[in-house]
Each structure stands twice: as structure tokens, then as C-alpha cells.
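Hello! Here are a few friendly notes to read alongside the model.

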Amino acid sequence: MPFQVSDPIGSLAWAFLALQVLLVWGAWRSRAALEAGEELPPPGVLYSSVILQGLLLLAFALAAAWDAGIQLRPAGQSAARALLWAPPALLLMLATVLPVWRLTPPEERARRAQMLPRNPRERALALAVSLVAGVGEELVWRAVLPALLVHLTGSLVLAIGLSVLSFSLAHWVQGGLAMAAVLVFALLFHGLVALTGGLVAAVAVHALYDAAVSVWIGPLLHRRSG
């Protein structure tokens, strides 16, 4: 694993670990509210809120990394390997979009359609969400959290397993099918980190996938199904 704790973890790192529990609880509460009939805010408001939350999560991850001495730019990171492995990983992820869409229940499709951008401003915000998610979520779930869990448990397999589970549960608001897809994607992202020695490929694939689905593929599927 390219990310390792070099100092005894302090209060900031422990706070970051506690935050993982709060994230899962918040995702569960949000999902329960949606299933109880709560209306989603307009896409522009939703995107702005998600960007703010993502930036706060990124700040917590950076603070925890500093506190635990985690080097986020490992010496073994390879740009050449990132360029080699990122394109097939992105294509593989994009190939899952249509099958997952077909398996998604109609009521969930309608809910997803409410979150799609409707104008240039909302498309720009959707792209910003993709960038923040790509950077922040990879930093959290592929670098800082696994490094801290390896340090605490002494097991790389357990640390990655818990990180994958945490990442999936943090997407609870999107429903069970999406959580299953996210779990598979998390394993793919961890594979990219292992193959390339760093976060560059995982961040790029994550951000490009989110951008393609939210701005292009999602609206296209919605128009065709409508």
C-alpha cells in the first residue's frame, strides 16, 4: 500500500474516523427521508450543498493525513502506469451504466431524473461536483482511511474491506442497487491505486465517470426512457 502512517495518530485522525460513522448515519437518514416522501431540492441547490459537503470532507481528510504523517504523493507513483490503466478502467465503469439503469426501479429512475442538470449553470455545478467528488472521495477512501485502518488493525485486507464497505454505505441515499455498484467501483479504484502507486488514475477515472454520467449519459437515458 503506497500510503502509510508515519506518526502516532492524534485527535484529528480520530475525529476523521468518527466522521465515517456520521457519514453513514447521514446517508441512511437521507434515504429514509426520501422514501418517506421528502422532496429533493432543485439541482442547483443540491449541487451547491454537495460541493460544500465535499470540500469539508476533503479538509477533514487533509487534516487527518497531516496529523498521521500520511504522504499523499508517494514516491512510487507512476504517471505512465496511470495513463495505461485509467482508460480501460473508465470504459469498464461506463459500460455498467446502461445495465444498472435497466435494473433500476421506475420510482428510483424518476428520483434520479430530478437531480439531473437542466441548464448551463447546473451543468457547470454538476461538473464541479464531479471534480470535488473525484479528488475528495479518492483521498478519503483510497488513501487516508485505509492507511489509518492498516495502522490500527495491522491488516491490509481488512483495511481495504472496511474502506470499501464504508464507501458503499456512504452512498446509501442512492439506494441498494447503486450501493452495490459503488462497492464494485471502490474495489476497482483500490486496484488502480495498487497498480499505479498513487491516486492520480483513481481521481481522474472517478471524476470523469461522474461528469459523463451526470452531464451526458444520465440526461440521454432519461430522454430515451421518457
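1. At what angle do helix α6 and α8 pack, and how far apart are their axes? The angle is about 65 degrees and the axes are 11 Å apart; axes are lines fitted to C-alpha atoms over the stretch in contact, with angles from 0 to 180 degrees between N-to-C directions. Helices here are DSSP runs (H or I, at least four residues), numbered from the N terminus. E138, W141, R142 and P146 in α6 meet A186, F189, H190 and V193 in α8, contact meaning heavy atoms within 4.5 Å.

2. Please keep in mind that this is a predicted model, where local features need pLDDT of at least 70, side-chain atom pairs need pLDDT 80 or more, and totals for chains, interfaces and linings use all residues. Numbering starts from 1 along each chain as its sequence is written, and side-chain values use heavy atoms, leaving out hydrogens and water.

3. The whole structure holds six salt bridges (a side-chain nitrogen of Lys or Arg within 4 Å of a carboxyl oxygen of Asp or Glu). R31 pairs with E108, their closest N and O atoms being 3.0 Å apart. R31 sits in helix α1 and E108 in helix α5, so the pair ties together parts 77 residues apart in sequence.

4. Both partners are buried (under 20% relative accessible area, 1.4 Å probe, protein chains only; exposed is over 50%, partly exposed in between): R31 is at 11% and E108 at 7%. R31 also bridges to E35 at 3.1 Å between the closest N and O atoms, and E35 is exposed at 56%.

5. E108 forms another salt bridge, with R112, at 3.4 Å between the closest N and O atoms. Shared partners join R31, E35, E108, R111 and R112 into one network.

Technical notes: Helix = DSSP H or I, 4+ residues; strand = E, 2+ residues; numbered from the N terminus.
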